[in-house]
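User: Could you take a close look at the sheet in this model and at what is packed against it? I would like a connected account, with the cut-offs behind the terms you use.

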Amino acid sequence: MSPREQLCAYGRRAVELGLVIGTSGNLSVREGDLVAVTPSGVALDRLAPEMCPVVDMDGHLVEGDLQPSSETPMHLAVYASTTAQAVVHTHSVFGTVVATTMTELPPIHYNTLLLGGTVRVAPYATYGTPELAANVRAALDGRQAALLANHGGVTIGATLEQAFEATRLLEWLCEVYVRALGVGRPAVLTPEQLDAVVERAVNPPHFPRRPADPHGL
Ligand SMILES: [Zn+2]
């Protein structure tokens, strides 16, 4: 799939999964020094490939008739400061709940490690501004995900599939945290417990094959 076709496919999926509503949320894919991004003002499940603008790293429109998403400066800032090849930004419900009430999403589940650890909440700034882009860039340092105060979440990946799955995981972690808060005080994993998870992942259990029966069946 071309980058623009990927934007259409994952845009539809984001709407189907309830991660975005209406025209909120935007996706982009980098290819060389160009970035294909979802357009401004079009619902993500109504996209056609030719509707998706292509911009250069300075934000100049290279292809397409529609204007790029107003959040494009944030996407370009992320590409300028990371090795990411794709960015997903949504206003998903549980991510936004956490981003509205917390300064970080603590590691309450070991899958937080798949996002690089404790997810930071970038301080609030008006959408589409260089200030928000700078805050997000700082919050993403060493992470695949960040939350944006009173706004939503952003994830990055080596592919759009990876960035999209990171968004699903971020939303799941935020939902678990919010629901856990309704039941009691969620326990937070200690650095030692998280280190042990990394150790386990590096040295997975090995299950040797059963020796062949010398007497045949
Ligand atoms: Zn937004």
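Analyst: Strand β3 (residues 54–56) is paired with β4 in the antiparallel sense over 2 bridges, and within this pairing V54 is placed opposite E63 of β4. Strands here are DSSP runs of E with at least two residues, helices are runs of H or I with at least four, and both are numbered from the N terminus; two strands pair if DSSP finds at least two bridges between them. This is a predicted model, in which local features need pLDDT of at least 70 and side-chain atom pairs count only at pLDDT 80 or more, while totals for chains, interfaces and linings use all residues. Residues are numbered from 1 along each chain as its sequence is written, and side-chain values use heavy atoms, with hydrogens and water left out.

The β3 and β4 strands belong to an open sheet of 9 strands with mixed pairing, arranged in the order β4-β3-β2-β1-β5-β9-β8-β7-β6. Its edges are formed by β4 and β6 (104–105), each of which pairs on one side only.

Two helices can be described against this sheet. Helix α3 (residues 93–101) lies across β6, β7, β8 and β9 and runs at about 65° to β8, whereas α4 packs on the sheet by touching β7, β8 and β9, its direction making about 165° with that of β7. Contact means heavy atoms within 4.5 Å, and the angles, from 0 to 180 degrees, are taken between N-to-C directions of axes fitted to C-alpha atoms, for helices over the stretch in contact.

In α4 (residues 130–139), the buried residues are L132, A133, N135, V136 and A139. Seen down the helix axis they fall within an arc of 165°, so they line one face of α4; the arc is that of the directions from the axis to the C-beta atoms. Their cover includes α2, β7 (119–122), β8 and β9, while the face turned away from the buried side carries the exposed P130 and A138. Buried means under 20% relative accessible area, exposed over 50% and partly exposed in between, with a 1.4 Å probe and protein chains only.
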